[in-house]
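This report describes strand pairing, helix packing and aromatic contacts in one protein model. The model is predicted.

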Amino acid sequence: MITRLDHIGLSVSSLERSLAFYRDHFGMEVERILEPSPERDLGRINGLPGCRARIAHLRKGEAMLELFEYLEPRGKPLPVGHRQADLGFIHMGIASTDVREDYRVLSARGVRFYSEPVEFRPGVWVAYFFGPDGETVELRQA
């Protein structure tokens, strides 16, 4: 019945800032921006009756990143000290053809990394970095 992982949803504090980050640094294409009214079923779907949100769908190949900026209620930031070991979704992965070069370019643009790229196992290079709201993103070259 299940055929594939369809998309990843990410709650963000500023749709414009996150759009710029994922579009400009990674070439994700903005497919659509939605602003459903509170009367729509978003609140029924997510358990937040009457909520208001701006939603953007970004595409890279087959993958979709769905960004939500909740206008009402506003989202809380990730807790201080949030770690990769904490429960819940801990990162999203982006495939790269050259992690070391992407690290160099993104670092020069001010993207903050956990560390320099690491050869996790032979031929597999990985580097984690922070998105605009402190979310963790993985660059992976295999």
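The sections below treat the sheet and its helices, a further set of paired strands, and the aromatic side chains.

## The four-strand sheet

Four strands form an open sheet in the order S5-S8-S7-S6, and the pairing is mixed. Strand S5 (92-95) and strand S6 (118-121) are at the edges. Each of the two has a single partner strand, so one side of each has no neighbour in the sheet. From one strand to the next, the twist averages 35 degrees.

S6 and strand S7 (residues 124-130) run antiparallel and are joined by three bridges. Within this pairing, Val118 stands opposite Val126 in S7.

## Helices on the sheet

Helix H1 (residues 15-26) packs on the sheet, where it touches S5, S7 and strand S8 (136-141). The direction of H1 makes about 150 degrees with that of S7.

Helix H3 (residues 99-108) also packs on the sheet, with S7 and S8 as the strands it touches. Between the direction of H3 and that of S8 the angle is about 140 degrees.

## Strand S4 and its partners

Strand S4 (residues 63-72) pairs with strand S1 (residues 7-11) and with strand S3 (residues 52-60). S1 and S4 run parallel and are joined by five bridges. Glu66 in S4 is the bridge partner of Gly9. The pairing of S3 with S4 is antiparallel and extends over nine bridges. Here Ala56 has Leu67 in S4 as its bridge partner.

S3 and S4 form a hairpin with two residues between the strands. In this hairpin, Gly61 takes a positive phi near 65 degrees. How much of S4 is covered? The strand is mostly covered, with seven of its 10 residues buried.

## Aromatic pairs

The structure holds 10 aromatic pairs. One of them is formed by Phe113 and Phe129. Their ring centres are 5.3 Å apart and their planes are at 50 degrees, so the pair is tilted. Phe113 lies in the loop between H3 and S6, whereas Phe129 lies in strand S7, so the pair ties together parts that are 16 residues apart in sequence. Phe113 has 13% relative accessibility and counts as buried. Phe129 has 0% relative accessibility and likewise counts as buried.

Tyr114 and Tyr128 form an edge-to-face pair, with 5.7 Å centre to centre and 90 degrees between the planes. Tyr114 is in the loop between H3 and S6 and Tyr128 is in strand S7, so this pair ties together parts that are 14 residues apart in sequence.

## Ring cluster and charges over rings

Which residues do ring pairs link into a cluster? The cluster consists of Phe21, Tyr22, Phe26, Tyr103, Phe113 and Phe129. Two of these, Phe113 and Phe129, make up the tilted pair described above.

Arginine side chains also meet aromatic rings. The charged end of Arg100 sits over the ring of Trp125, at 4.0 Å from the ring centre. For Arg112, the charged end sits over the ring of Phe130, 4.0 Å from its centre.

Technical notes: Residues are numbered from 1 along each chain as its sequence is written. This is a predicted model: local features need pLDDT of at least 70, side-chain atom pairs count only at pLDDT 80 or more; totals for chains, interfaces and linings use all residues. Side-chain values use heavy atoms; hydrogens and water are left out. Two strands pair if DSSP finds at least two bridges between them. Axes are lines fitted to C-alpha atoms, for helices over the stretch in contact, and angles run from 0 to 180 degrees between N-to-C directions. Contact means heavy atoms within 4.5 Å. Buried means under 20% relative accessible area, exposed over 50%, partly exposed in between (1.4 Å probe, protein chains only). Rings of Phe, Tyr and Trp (its six-membered ring) pair if their centres lie within 6.5 Å; planes under 30 degrees apart count as stacked, over 60 as edge-to-face and the rest as tilted. A charge sits over a ring if NZ of Lys or CZ of Arg is within 6 Å of the ring centre and within 35 degrees of the ring normal.
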